[in-house]
Amino acid sequence: MSHIVVLGAGLGGTIMAYEMRDKLRSDDRLSVVTLGTSYSFVPSNPWVAVGWRERDDVTVDLA
Ligand SMILES: Cc1cc2nc3c(=O)[nH]c(=O)nc-3n(C[C@H](O)[C@H](O)[C@H](O)COP(=O)(O)OP(=O)(O)OC[C@H]3O[C@@H](n4cnc5c(N)ncnc54)[C@H](O)[C@@H]3O)c2cc1C
């Protein structure tokens, strides 16, 4: 049994958590520690700033 902890659900941590989840054995645990409960795709922030996307378009509810 392993308990894997991903620190920070940013671009690296979020992808790592989803990839890792697919590789877990039945008794393994995966925890993600981050600020808040959502992930924002940082490279798209300029699109939000200039009105090409809404904030919700580049945000995922991780919970
Ligand atoms: C405008 C812009 C455009 C970009 N465009 C590109 C691009 O086109 N291509 C490219 O390859 N890269 C691009 N980047 C860079 C890319 O976004 C970063 O390299 C990438 O986000 C880094 O990923 P990361 O997981 O290391 O950190 P982050 O994505 O910053 O994630 C860190 C996470 O840790 C959390 N965290 C921080 N401190 C704590 C704490 N004390 N406790 C709990 N959680 C914490 C944060 O909330 C965050 O969710 C761009 C960046 C910007 C700002």
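Predicted model: local features only at pLDDT ≥ 70, side-chain atom pairs only at ≥ 80, totals over all residues.
A polar contact here is a pair of N or O atoms within 3.5 Å; within protein, one must be able to donate a hydrogen and the other to accept it, and residues adjacent in sequence count only if both atoms are side-chain atoms.

Residues are numbered from 1 along each chain as its sequence is written, and side-chain values use heavy atoms, with hydrogens and water left out.

**Stop 1: the ligand.** Select L35: one of its polar backbone atoms sits 3.4 Å from a nitrogen atom of the ligand. Now try L11, where a backbone N or O atom is 3.0 Å from a ligand oxygen. For A9, the distance from a backbone N or O atom to an oxygen of the ligand is 3.4 Å. Residues around the ligand (a heavy atom within 4 Å of it) also include G10, V42, P43 and P46.

**Stop 2: V42.** Go to the loop between β3 (38-40) and α2 (45-49), and you'll find V42. Helices (H or I, at least four residues) and strands (E, at least two) are DSSP runs, numbered from the N terminus. Is V42 buried or exposed? V42 is exposed, at 54% relative accessible area; buried means under 20%, exposed over 50%, partly exposed in between, using a 1.4 Å probe and protein chains only. Draw a C-alpha distance from V42 to G10 and you get 8.3 Å, for residues 32 apart along the chain.

**Stop 3: helix α1.** Select residues 11-21, then pick out G13, T14 and A17, the buried residues of α1. Looking down the axis of α1, these fall within an arc of 100 degrees, so they line one face of the helix; the arc is that of the directions from the helix axis to the C-beta atoms. Their cover includes β1 (3-7), β2 (29-33) and β3.

**Stop 4: the strands.** Show β1 with β2: they pair (at least two DSSP bridges between them) in the parallel sense, over five bridges. V6 has V32 in β2 as its bridge partner.

**Stop 5: D28.** Finish in the loop between α1 and β2, at D28. D28 is buried, with a relative accessible area of 12%. Its side chain reaches the backbone nitrogen of R25 at 2.9 Å, and a polar atom of that side chain lies 2.9 Å from the backbone nitrogen of S2.

How values were computed
Contact = heavy atoms within 4.5 Å.
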